[in-house]
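Q: Please take a close look at the ligand site of this model and describe what surrounds the ligand.

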Amino acid sequence: MVINLSKEFSLVSTWVAELRDTEIQKDMMRFRRNLERISEVAAYEISKKLEWKEIDVTTPLGTSTTKILKQQPVVASILRAGIPMHNGLLNYFDKAESAFIAAYRKHSPDGSFQISLEYMSCPELEGKVVIISDPMIATGSSLVKTIQFLKQEGDIKELHIICAIACTVGIEYVLRELPKAIIWCGDIDDELTAKGYIVPGLGDAGDLAFGPKLQS
Ligand code: URA
């Protein structure tokens, strides 16, 4: 299942527009904050799909029956570009545990690249709801590889993927490999370049959030 958060008129479209805008992109703090805001909205929408239980809360004047999450999700991110969206998820799922994975494109001289996974810090995932953030779903290969890696840590009960912009072919690939996943996107673009960049997209999300890096 794919949910495009820009399909209905909402503030998400404004934040996605700011992420794409080359002038506004000069402000790294605003770029990070817009990623964070999109993931906060995604967190709220995802929360409606989770399981809840009733509890009684004692107020100064009586008792109120209210609802809390039956189980805390695990929030996972692909470093480094996933960090702002990770923060947004934790702003809302404030009791969630976290998992971190380093995945990056290792470029060859011929212009091709392979996904390299290097570091994982992860809690128990057996029977858990996992929400993973990756700002750009381009080919989808790093995301799928990361999730397959995570699955070694337990049988995930429910998988939500959040991103700022997804490319149509990337979505198709992810859903072919992970048919039960639910993908929440800030927006969806159709084109992908041979170098794996989304068009019109926004550029390199990691560089725009944290500054340019030395190429590997
Ligand atoms: N990752 C990015 O940061 N941007 C793209 O367009 C594709 C992948």
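A: A backbone N or O atom of I198 lies 2.8 Å from an oxygen atom of the ligand, a polar contact being a pair of N or O atoms within 3.5 Å, where within protein one atom must be able to donate a hydrogen and the other to accept it, and residues adjacent in sequence count only if both atoms are side-chain atoms. For G203, a backbone N or O atom is placed 2.7 Å from a nitrogen atom of the ligand. A polar backbone atom of A205 is 2.8 Å from an oxygen atom of the ligand. The ligand taken alone exposes 240 Å², of which the protein buries 88%; accessible areas come from the Shrake-Rupley method with a 1.4 Å probe, and for residues only the protein chains shown count as cover.

This is a predicted model, in which local features need pLDDT of at least 70 and side-chain atom pairs count only at pLDDT 80 or more, while totals for chains, interfaces and linings use all residues. Residues are numbered from 1 along each chain as its sequence is written, and side-chain values use heavy atoms, with hydrogens and water left out.

Around the ligand stand R105, M136, A138, G196, Y197, I198, G203, D204 and A205, a residue being near a molecule if one of its heavy atoms lies within 4 Å of it. This shell divides into five nonpolar, two polar and two charged residues. Here Ala, Val, Leu, Ile, Met, Phe, Trp, Tyr, Cys and Pro count as nonpolar, Asp, Glu, Lys and Arg as charged, and the others, Gly among them, as polar.

P200 belongs to the loop between β12 (198-199) and α6 (205-210); helices (H or I, at least four residues) and strands (E, at least two) are DSSP runs, numbered from the N terminus. A further cis peptide bond runs from L79 to R80, with omega near -5 degrees. R80 lies in the loop that separates β4 (74-79) from α3 (83-92).
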